[in-house]
Amino acid sequence: MKKSLFSFLITLVAITVTIIGCQVTFINPTRNTNSQGVTVKLSGWGASPTEQKLLKQVLKDFEAANPGIKVKYEEISDQYMDVIKTRLIGDAAPDVFYLDGLEAPFLMSHNVLEPLNDYITPEFELSDFQPVLLNSFKYNDQIYGLPKDYSTLALFYNLKAFNEAGLEKPPVTWDELRLYSRKLTTYNNKDNRVKRYGFGETLELARQAYKIKAFDGQIVDKSGNAVFASPSGLKGLQLVVDQYIRDRTSAQKTDVGTNSGSEMFGQGKVAMAIEGNWTIPYLQETYPQLEFATAEVPRINGKAGTMSFTVAYVMNKQTKHKPEAWKLISYLTGKEGMEKWTSKGFALASRKSVAQKLGYEQDPLRSALVAGVNYATPWEVGKYPAAIVNSFDNQFLSAMLGEQSLEQAMVRAQNTANKQIQMMEY
């Protein structure tokens, strides 16, 4: 089979980088350097104006502490990873850039990122990072990125709706969640149509992976092939399908004319939803009158479960400013920089000491999210995430709509994903 164009090109880049690296004398990245006049290019994706303002302030603080280094920040608002990959091929990538844990395995395996092991000193306190987050950026005993923040998922529930239904506390198990959903689903008097659903479901694999693992299913095997259609994996997904088709107490965003689970919940179209930390500032700003609370995701099959989503700062292996790039990364992921970045609550601190100092473990709205990191399923699905995610999402939606059985849908999705992976590998 023909190798994909991108795989061929990026492998060529990796080989070139390796050859060049063998010809250059190693420079101790931690030694003192004359950084006068050096500009470090940093790229990330779009965020809210408030978050962008906060990031710019943190970068200004870094520049004040490192007078010889300037940071040029570029926001890539669309097709972020496509842009980064293209620039890596063309030797035009930034010195430092964001890397989502989902995309990390591919870039780490193609030798285009700078390993950070030799830069990290004992004083940096690597053990302070949450292990599940740091592990997303490890490959062949090397660390290629340091997580800047994270979020897990938690159950958001409408306090007024709970009170009206006589519910005093959030559900602890998934069976309880389905029972609560029946009580929380309300109907119009005139036509008996659903006025408010008990639960808002988000169908993407990013929200379903922990349910597959609850019955010891897996998304991919050690070779990176899709295996989510196994009998054990289907058990968790069947809970979702049954609630939607049989109970009719859950809705997806298109059912109620919204764009996300957060919006479904904020508009009162659903009484419960499982969302991440990003939902808290969104609800507080957009729906300030809404009274809500959070709780840990209900247990499935007796197991605690949630997802963890994290992003790291990584260094371009071809950068000509490695010592300065490391100074930027170490500041942004160090205690001082991370505290400033996560102090407003837009994201959670990936360092345990910073999280403790900011008090998010005691925060009424964030404590459930912080607790979840100890048992979360990392959002990563091998070197070819697009093949896995797109195949799953398309077919799972079909099963939810009753167009085919769940088993048929997942077998088709798995086969499609593995054919695509095989083409890209060979």
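The following legends describe close-up views of a predicted model.

**View 1. Packing of helix α16 against helix α17.** Helix α16 spans residues 385–400 and helix α17 spans residues 406–425. Their axes lie 8 Å apart, and the two helices pack at an angle of about 160 degrees. An angle over 145 degrees counts as roughly antiparallel, and α16 and α17 are therefore roughly antiparallel to each other. The crossing of α16 over α17 is right-handed. On the α16 side, the contact is formed by Ala387, Ile388, Ser391, Phe392, Gln395, Phe396 and Ala399. On the α17 side, the contributing residues are Leu406, Ala409, Met410, Arg412, Ala413, Thr416, Ala417, Gln420, Ile421 and Met424. By class, this contact contains 12 nonpolar, 4 polar and 1 charged residues.

**View 2. Leucine 205 and the nonpolar cores.** The largest nonpolar core of the model holds 109 residues. Within this core, Leu146, Leu205, Ile388, Phe396 and Met410 touch the most other members. When residues up to four places away in sequence are not counted, leucine 205 touches Ile212, Ile219, Trp379, Val381, Ile388, Val389, Phe392 and Asp393.

**View 3. Crossing of helix α2 and helix α12.** Helix α2 covers residues 49–65, and helix α12 covers residues 322–332. The two axes come within 11 Å and cross at roughly 125 degrees, which makes α2 oblique to α12. The crossing is right-handed. Val58, Leu59, Asp61 and Phe62 of α2 meet Lys327, Leu328, Tyr331 and Leu332 of α12. This contact of α2 with α12 is made up of 6 nonpolar and 2 charged residues, with no polar residue.

**View 4. Glutamine 52 within helix α2.** Glutamine 52 is located in helix α2. Its relative accessible area is 12%, so glutamine 52 is buried, the cut-off for that class being under 20%. Apart from residues up to four places away in sequence, glutamine 52 touches Ala47, Tyr73 and Glu75.

**View 5. Two loop residues with positive phi.** Most residues other than glycine have a negative phi. Glutamine 79, which is not a glycine, has a positive phi of about 50 degrees. This residue is placed in the loop between β2 (69–76) and α3 (80–89). With a relative accessibility of 49%, glutamine 79 counts as partly exposed. Aspartate 216 likewise has a positive phi, near 70 degrees, and is a residue other than glycine. Aspartate 216 belongs to the loop between α8 (205–213) and α9 (231–247). Its relative accessibility is 56%, and aspartate 216 therefore counts as exposed, a class that begins over 50%.

View 6. Threonine 202 lies in the loop between β8 (194–200) and α8. At a relative accessibility of 15%, threonine 202 counts as buried. Its contacts, not counting residues up to four places away in sequence, are with Arg207, Gln208, Gly261 and Glu275.

View 7. Glutamate 291 is found in the loop between α11 (279–286) and β11 (292–295). Its relative accessibility of 53% places glutamate 291 in the exposed class. Although 132 residues separate glutamate 291 from leucine 159 in sequence, their C-alpha atoms are 5.7 Å apart in space. Leaving aside neighbours within four places in sequence, glutamate 291 is in contact with Tyr157, Asn158, Leu159 and Lys160.

**View 8. Glutamate 361 between helices α14 and α15.** The loop between α14 (352–358) and α15 (367–372) contains glutamate 361. This residue has a relative accessibility of 42% and so counts as partly exposed. Beyond its neighbours within four places in sequence, glutamate 361 is in contact with Ser367 and Val370. Glutamate 361 and valine 311 are 50 residues apart in sequence, with a C-alpha to C-alpha separation of 21 Å in space.

Methods
Residues numbered from 1 in each chain as written. Predicted model: local features only at pLDDT ≥ 70, side-chain atom pairs only at ≥ 80, totals over all residues. Heavy atoms only, no water. Axes fitted to C-alpha atoms, helices over the stretch in contact; angles between N-to-C directions. Helix = DSSP H or I, 4+ residues; strand = E, 2+ residues; numbered from the N terminus. Parallel < 35°, antiparallel > 145°, perpendicular 65-115°, else oblique. Left-handed = near helix turned anticlockwise from the far one by under 90°. Contact = heavy atoms within 4.5 Å. Nonpolar A, V, L, I, M, F, W, Y, C, P; charged D, E, K, R; others polar. Core = buried A, V, L, I, M, F, W, Y, C linked by side-chain atoms within 4.5 Å. Buried < 20%, exposed > 50% of the residue type's maximum accessible area, 1.4 Å probe, protein only.
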